Amino acid sequence: MQRKHIIFATVAFTALSALAQTPAASSSQAQAYPTKPIRLIVPFPAGGATDILARALSQKLGEKIGQPVVVDNRPGAGGTIGADAAAKAVPDGYTLLLATSSTHSIGPAINPKIPYNVETDFTPIAYVASSPNVVLVPNSSPSKSMQEFITYARKNPGRLNYASSGNGTIVNLTTEYFKAESGTFILHIPYRGTALAMPDLISGKVDVLFDSLVTGMPHVRDGKLRALGVTSLKRTALAPGLPAVAEVLPGFESVTWFGVYGPKGLSGELTAKLNQALNAVLLDNDVKERFARLGAEPTGGTPPAFAAMVKADHAKWKKIITERKITAE
């Protein structure tokens with residue numbers, strides 16, 4: 001008899017344990033979430049554009065969900081260290097990652113030894129912002145428009161050069177993408193950052209630079225450089241009056257994107273709750289203004305749309321890296 005009681009108790013305990021894992025229990029946990037602060041890993045140093053964007057986002061997200069969202073900077077290896085830490089975190093919704101093109105599109109395309117798989121080691125939550133580049137030329141350039149620049153470059157193969165912030169960077173890849181799409185041959189001069197290239201661009205030693213809006217446009221406003229266009233698919237309010245390169249090269253687009261991920265295994269309920277909160281945050285006027293100061297526009301959307309965008313972006317850069325034989329420094 002005692003043995004029967006033990007067996008019954010064991011079965012009952014097992015049944016109760018299984019019940020705790022049912023969708024109803026999971027849904028209840030999602031409704032209560034969050035009950036403590038959330039950590040947002042930023043895989044780049046404090047003070048940079050990604051960090052500043054993360055802090056604007058985290059403040060408003062914390063207000064929206066009722067718990068602080070704490071930025072945790074984990075820089076190193078081009079964002080790989082922080083991204084890997086997020087991939088290995090417990091999928092309970094209390095560790096998130098602010099990923100970028102560098103960590104989830106370009107990095108995996110240029111470095112086959114990256115320690116995570118973008119498609120299988122993360123749960124996409126929301127696409128939060130995009131930041132295009134601006135095409136800059138010296139005032140001494142004969143080109144007054146994007147079409148004039150392309151025409152001149154085609155007629156003078158190898159005569160023009162371009163600056164970048166280094167091999168394998170978004171500036172390097174964007175210009176190589178432009179060359180492939182426009183059928184031009186422009187020589188590459190890598191610098192240790194676009195700021196170091198500015199004096200040579202202004203003086204005319206460098207012929208073109210695809211720079212970020214934040215660092216490039218002040219030189220245009222000061223009359224030191226000429227802007228020919230932006231690399232977003234359409235014109236942007238961040239640079240009023242400038243045409244998109246896509247108006248001359250249909251389909252051309254190159255942006256630095258920012259998005260929030262969780263580790264793999266994050267439940268659908270928590271993913272949906274975070275996605276809804278982030279989309280609401282992106283409508284906030286203060287967030288829009290703070291993003292604009294960084295040269296970024298809020299985006300938003302569903303997790304599947306975010307995943308599809310990243311997959312397409314990765315494929316584009318992988319193709320350029322392979323065809324143009326680009327390697328990291």
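In what sense do β1 and strand β3 pair, and over how many bridges? The notes below start from that point and concern a predicted model.

1. Strand β1 and its neighbours. β1 and β3 (residues 95-100) pair in the parallel sense, over three bridges. Within this pairing, Ile-41 stands opposite Leu-97 of β3. β1 also runs parallel to strand β2 (residues 69-73), to which five bridges join it. Here Arg-39 is the residue opposite Val-70 in β2.

2. Cover and crossover. Four of the five residues in β1 (residues 38-42) are buried, so the strand counts as mostly covered. Together with helix α3 (residues 49-65) and β2, β1 makes a β-α-β unit, and the unit is right-handed.

3. Helix α4. This helix (residues 80-87) is mostly covered as well, with six of its eight residues buried. The buried residues are Thr-80, Gly-82, Ala-83, Asp-84, Ala-86 and Ala-87. They pack against β1, β3, α5 (101-110), β4 (122-138) and β9.

4. In soluble globular proteins, nonpolar side chains tend to be buried together. The largest nonpolar core of this model has 45 residues, and Phe-149 and Phe-178 have the most contacts inside it. Helix α7 supplies the largest share of this core, five residues.

5. Contacts of Phe-149. Leaving aside residues up to four places away in sequence, Phe-149 touches Val-137, Ser-143, Leu-160, Phe-178, Ile-186, Asp-207, Val-208 and Leu-228.

6. Aromatic pairs. A pair of aromatic rings is described by the distance of the centres and the angle of the planes. Searching the whole structure gives 11 aromatic pairs. One of them is the edge-to-face pair of Tyr-177 and Trp-317, with 5.7 Å from centre to centre and 80° between the planes. Tyr-177 lies in helix α7 (residues 170-182) and Trp-317 in helix α12 (residues 303-323), so this pair ties together parts that are 140 residues apart in sequence. Tyr-177 and Trp-317 are both buried.

7. Aromatic cluster. Tyr-116, Phe-122, Tyr-127, Trp-257, Tyr-261 and Phe-306 belong to one aromatic cluster.

8. Charges over rings. Lys-316 lies over the face of Trp-317, 4.9 Å from the ring centre. The charged end of Lys-36 sits over the ring of Tyr-94, at 4.7 Å from its centre.

9. Thr-120. Where is Thr-120 placed in the chain? Thr-120 is in the loop between α5 and β4. Its relative accessible area is 48%, so Thr-120 is partly exposed; the cut-off for exposed is over 50%.

Key:
Residues are numbered from 1 along each chain as its sequence is written. This is a predicted model: local features need pLDDT of at least 70, side-chain atom pairs count only at pLDDT 80 or more; totals for chains, interfaces and linings use all residues. Side-chain values use heavy atoms; hydrogens and water are left out. Rings of Phe, Tyr and Trp (its six-membered ring) pair if their centres lie within 6.5 Å; planes under 30 degrees apart count as stacked, over 60 as edge-to-face and the rest as tilted. Helices (H or I, at least four residues) and strands (E, at least two) are DSSP runs, numbered from the N terminus. Buried means under 20% relative accessible area, exposed over 50%, partly exposed in between (1.4 Å probe, protein chains only). A charge sits over a ring if NZ of Lys or CZ of Arg is within 6 Å of the ring centre and within 35 degrees of the ring normal. Two strands pair if DSSP finds at least two bridges between them. A crossover is right-handed if, with the strands pointing away from the viewer, the path from the first strand over the helix to the second runs clockwise. A nonpolar core is a set of buried Ala, Val, Leu, Ile, Met, Phe, Trp, Tyr and Cys residues joined through side-chain atoms within 4.5 Å. Contact means heavy atoms within 4.5 Å.
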